[in-house]
Amino acid sequence: MSKPTLLILAAGMASRYGSMKQIDPFGPNGETIIDYSIYDAIRAGFGKVSFIIREEFADKFKSIFEPKLAGKIATDYVFQSYDLSPFGIDREIERSKPWGTAHAVLAARNQVNEPFCVINADDFYGYEAFEKMAEFLNEEVTDNKFSLMGYQIDKTLSEHGSVSRGVCKVDDNGNMTEINERLKVYFKEVAGEKRIFFEEDGVETELPQSSRVSMNFWGFTPAIFEVSEELFKAFVPANENNPKAEFLIPKVADELIKLGKAEFKVIPTSQKWFGVTYPEDKPIVQENIAQLVKGGVYPEKLF
C-alpha cells in the first residue's frame with residue numbers, strides 16, 4: 001500500500017497578515033511553519049508532500065523547499081487557479097481570491113492517487129496529530145469513511161481576542177454529525193474561572209471545555225474528488241454573483257453527512273494548536289516554537 005500524502009493548502013494571499021506567511025520564518029534557523037508540519041509528517045510515515053499554490057508562487061516555493069527536502073520526502077506542486085473549464089464550467093467569473101479550500105483540494109484530483117490528508121500552511125498542528133492521522137490513513141480510511149482531527153477547543157483559542165472555530169457535534173461512535181462555524185469564540189472569566197463562550201446575533205452561549213473543533217486537518221481517499229466536483233459544479237452557478245462565496249471543506253463534509261454518502265471520524269488530539277492570522281501573532285508563534293525546541297521536542301535545526 002502506498003504511503004499517505006500530505007496536501008498543504010498554501011495558495012492564500014494572507015491579506016490580513018500583510019505578507020506571504022506560508023514562507024515567513026518562525027523557527028530559530030528561519031524555519032517556516034510548513035517545515036515543522038513536513039518534519040512531523042516524515043516522522044509519522046508520510047511518503048509525499050504536495051503544495052497547493054498559485055502558479056506564480058512555484059519558483060519561490062521550489063527554491064525554499066527543494067534543497068532541504070531532497071532525499072527526505074517526495075515533493076509535488078498543485079496549482080489552484082480561477083480557470084473553471086477543467087470542471088466543465090464554460091464561463092469566466094471575476095474574483096479577487098480563489099474559490100476556497102475544497103476547490104483547492106479539487107485542484108489535486110489528477111495528481112493524488114493514494115490516501116491523503118489536508119492541512120493549512122499557516123497552522124502548527126503538532127506531531128501527535130500527524131501520527132494519529134497516518135494511522136487512520138494506513139488502517140481505517142475507506143471511500144466512504146473519512147476523518148478530521150478534533151482539537152480540544154480550549155487549546156485553540158487566543159488570549160488576545162475572539163476567533164472563528166468550526167465546532168463539531170460528535171455521536172457516541174466518535175463520528176461527526178454536523179459542524180457549525182462559530183464566528184466569535186472567546187475565553188471569559190466567570191466567578192474567577194476561565195470559561196468559553198461564543199456570540200451570535202448578540203446572544204452569548206457557553207461551550208463545554210470538552211468541545212472538539214476542526215482546524216482544517218482532514219483525511220480522505222481520492223474518492224473525495226468525484227463527489228466534491230459534483231458539488232462544486234452546483235456551487236459555482238449558485239454563487240457566481242457572490243465574490244465572497246467560498247467552496248469550503250466543512251461545507252462538503254456537512255453535505256456528504258446529510259446525504260449519507262460518507263462518515264467522518266473525529267480523531268481526538270490533546271495537542272496544542274497555534275497559528276498566524278495577524279502580524280501580532282508572529283512573536284507568539286516564535287515563542288511557542290522556541291519553547292518546543294528548548295524542551296527537545298524539535299531539534300534546533302530541522303533539516
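Mentor: Let us begin with the cysteines, bearing in mind that this is a predicted model: the count of disulfides comes to zero.

Trainee: How do you know that C117 is in no disulfide?

Mentor: The cysteine sulfur nearest to that of C117 belongs to C168 and lies 16 Å away, whereas a disulfide requires two cysteine sulfur atoms within 2.5 Å.

Trainee: Why are C117 and C168 called buried?

Mentor: The label applies under 20% relative accessible area; C117 has 0% and therefore counts as buried, and C168, with 9%, is therefore buried as well.

Trainee: What makes S50 a buried residue, and what is it in contact with?

Mentor: S50, which is placed in strand β2 (residues 48-53), has a relative accessible area of 0%, and therefore it is buried. Setting aside neighbours within four places in sequence, S50 is in contact with T5, L6, L7, I8, D76, V78 and V112.

Trainee: How do helix α1 and helix α2 cross, and which residues make the contact?

Mentor: The axes of α1 (residues 33-44) and α2 (residues 58-69) come within 12 Å and cross at roughly 35 degrees, and the crossing is right-handed. On α1 the contact is made by I34, D35 and I38, and on α2 by F61, F65, K68 and L69; by class, this contact has five nonpolar, no polar and two charged residues.

Note on methods. Residues are numbered from 1 along each chain as its sequence is written. This is a predicted model: local features need pLDDT of at least 70, side-chain atom pairs count only at pLDDT 80 or more; totals for chains, interfaces and linings use all residues. Side-chain values use heavy atoms; hydrogens and water are left out. Axes are lines fitted to C-alpha atoms, for helices over the stretch in contact, and angles run from 0 to 180 degrees between N-to-C directions. Helices (H or I, at least four residues) and strands (E, at least two) are DSSP runs, numbered from the N terminus. A crossing is left-handed if the near helix is turned anticlockwise from the far one by less than a right angle, and right-handed if clockwise. Contact means heavy atoms within 4.5 Å. Ala, Val, Leu, Ile, Met, Phe, Trp, Tyr, Cys and Pro count as nonpolar, Asp, Glu, Lys and Arg as charged, and the others, Gly among them, as polar. Buried means under 20% relative accessible area, exposed over 50%, partly exposed in between (1.4 Å probe, protein chains only).
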